[in-house]
Amino acid sequence: LVTFESGSMDEDEIAGALSLGMLLGAYRFDRHRTREQKDKKPTLKTVEFSVNNAPAARKAYALALKTAEAVYLTRDLVWEAPNILYPQSFADIIRQELSPLGIEVKALTRKEMQKLGMGALISVGQGSVREERLVTMQYRGAGKSDRNIAFVGKGVTFDTGGISLKPGAGMEEMKWDMAGAGAVVGLMKLLASRDAKVNAVGVVALAENMPSGSASRPSDIVTTMSGQTVE
């Protein structure tokens with residue numbers, strides 16, 4: 001039994017903060033694990049709070065749970081293996097997770113990006129057999145307001161360095177080059193699940209950077225959507 005003094009925080013705020021900490025601390029990414037030692041398996045099953053205002057504490061917990069679920073989504077994306085999480089599958093997960101929350105999700109294919117002149121993003125992924133995707137997420141929580149907050153995330157699902165191949169040491173960490181996109185997706189889920197009174201747009205550029213006969217070369221010149229050229 002642990003007792004907390006409220007101090008400057010309300011009792012329900014303490015319950016919510018403790019709940020969030022416990023939920024985040026309990027996170028595990030073990031969906032691909034086939035066996036595990038008994039002493040490594042989770043043992044804590046329940047945590048109980050004794051409070052004076054149970055309805056307020058339950059409300060605080062509900063908000064904490066939504067926050068944790070959004071963080072879980074980001075963590076799941078970041079930890080996922082690159083043969084499972086690649087531009088198309090990433091886009092599919094975004095649609096599956098966010099569309100039911102009322103977020104409008106659109107994913108551009110390579111052909112659509114070519115028509116728009118998105119040469120820079122295409123250049124990153126053109127060496128891979130897995131084509132790029134540019135995904136937009138539109139959340140309208142503030143009604144007809146014209147004001148929008150924009151969040152943009154980098155989503156290179158694996159970054160070998162392409163023709164300029166990165167050193168072998170630490171190469172397995174290159175699956176994390178999509179963490180920015182993962183953070184944006186989790187944030188958009190959080191805004192919608194908590195009915196945030198804001199209009200927000202999330203944009204993630206998804207590509208897999210691989211070496212092959214079609215990969216970009218150092219000194220190639222590509223044309224960006226703005227019309228500017230980049231070497």
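Analyst: Helix axes are lines fitted to C-alpha atoms over the stretch in contact, and their angles run from 0 to 180 degrees between N-to-C directions. This model is predicted.

User: At what angle do the axes of α2 and α6 cross?

Analyst: They cross at roughly 160°. The two axes come within 8 Å. Helix α6 covers residues 179-193, and α2 covers residues 54-79.

User: What makes α2 roughly antiparallel to α6?

Analyst: The crossing is roughly 160°. Angles over 145 degrees count as roughly antiparallel. Therefore α2 is roughly antiparallel to α6. The crossing is also right-handed.

User: Which residues in α2 and α6 meet?

Analyst: From α2 the list includes Lys-66, Glu-69, Leu-73, Thr-74 and Leu-77. From α6 it includes Gly-182, Ala-183, Gly-186, Lys-189 and Leu-190. By class, the contact of α2 with α6 has eight nonpolar, five polar and three charged residues.

User: Why does Thr-74 count as buried?

Analyst: Its relative accessibility is 17%. Buried means under 20%. So Thr-74 counts as buried. Thr-74 sits in helix α2.

User: What makes the pair of Thr-74 and Gly-182 close enough for a polar contact?

Analyst: A polar atom of the Thr-74 side chain lies 2.8 Å from the backbone oxygen of Gly-182. The cut-off for a polar contact is 3.5 Å. So the distance of 2.8 Å falls within that limit.

User: Why does Thr-223 count as partly exposed?

Analyst: Thr-223 has 42% relative accessibility. Buried means under 20% and exposed over 50%, with partly exposed in between. Therefore Thr-223 counts as partly exposed. Thr-223 lies in strand β5, residues 222-223.

User: Which residues does Thr-223 touch?

Analyst: Not counting residues up to four places away in sequence, Thr-223 touches Gly-117, Met-118, Gly-119, Ala-120, Gln-228 and Thr-229. The C-alpha atom of Thr-223 is separated by 48 Å from that of Met-22. Those two residues are 201 apart along the chain.

User: How many helices and strands are in the chain?

Analyst: There are six helices and six strands. From the N terminus, they run α-α-α-β-α-α-β-β-α-β-β-β. Of the 231 residues in the chain, 36% are buried.

How values were computed:
Residues numbered from 1 in each chain as written. Predicted model: local features only at pLDDT ≥ 70, side-chain atom pairs only at ≥ 80, totals over all residues. Heavy atoms only, no water. Helix = DSSP H or I, 4+ residues; strand = E, 2+ residues; numbered from the N terminus. Buried < 20%, exposed > 50% of the residue type's maximum accessible area, 1.4 Å probe, protein only. Polar contact = N/O pair within 3.5 Å; in protein donor to acceptor, adjacent residues only side chain to side chain. Parallel < 35°, antiparallel > 145°, perpendicular 65-115°, else oblique. Left-handed = near helix turned anticlockwise from the far one by under 90°. Contact = heavy atoms within 4.5 Å. Nonpolar A, V, L, I, M, F, W, Y, C, P; charged D, E, K, R; others polar.
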